[in-house]
Amino acid sequence: MDIKVMVSFIRRESGNDVPKQVLLMTVISGLAHSSLLAIINHSATKLVANTFNYKFIFVYIIIYIIWLITKSRALRLTNLLSETIVYKVRKRVVNYLMNTELVHFEELGRAEIYARLTKDTNEISGSSSKLLSASSRLCWSFLH
């Protein structure tokens, strides 16, 4: 799927600031994760040279807490975003079905309608974790 199409779809269907919040939380989480790795590397170097400062432990804990909070917030917002989009898509499909003439409705069959209604929206819902993972990897690649 083209990334521009996906971003356009998310903007159109979300209708709120949640995508921006997801992006912000993902960027902060990525920066915190990179900082954790930098602190670990720097501390290991200092430990080998016998010049380790225990302040690194406190900095590590603070950044780790920031990483945990932003990552969990990004996950929650992504789930909220995907569920909102799924709800709107299902609502729109049901409205189309309600406006469909009975003859066309009966031609499709109940099983076909249910299959299409659940399959597409479940794919949208399942792609939310992939979207978050992709945005995390993108942020990670820019930092390194």
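This is a short tour of a predicted model, stop by stop.

Before you start: residues are numbered from 1 along each chain as its sequence is written. Local features need pLDDT of at least 70 and side-chain atom pairs pLDDT 80 or more, while totals for chains, interfaces and linings use all residues, and side-chain values use heavy atoms, without hydrogens and water.

**Whole chain.** Show everything. You have 5 helices and 0 strands. Helices are DSSP runs of H or I with at least four residues, strands are runs of E with at least two, and numbering starts at the N terminus. Of the 144 residues, 23% count as buried. Buried means under 20% relative accessible area, exposed over 50%, and partly exposed in between (1.4 Å probe, protein chains only).

**Helix H2.** Select 18-48. H2 has 31 residues and reaches 45 Å from its first C-alpha to its last, close to the 45 Å expected at 1.5 Å a residue. The expected span is 1.5 Å times one less than the number of residues. Now colour its buried residues, among them Val 18, Val 22, Met 25, Ser 29 and Ala 32. An α-helix has 3.6 residues a turn, so residues three or four places apart point the same way.

**Asn 50.** Move on to the loop between H2 and helix H3 (55-98), where Asn 50 is found. Is Asn 50 buried or exposed? Asn 50 is exposed, with a relative accessible area of 72%. Check its phi: near 60°, a positive value in a residue other than glycine. Most residues other than glycine have a negative phi.

**Leu 68.** Finish in H3, where Leu 68 lies. Leu 68 is partly exposed, at 41% relative accessible area.
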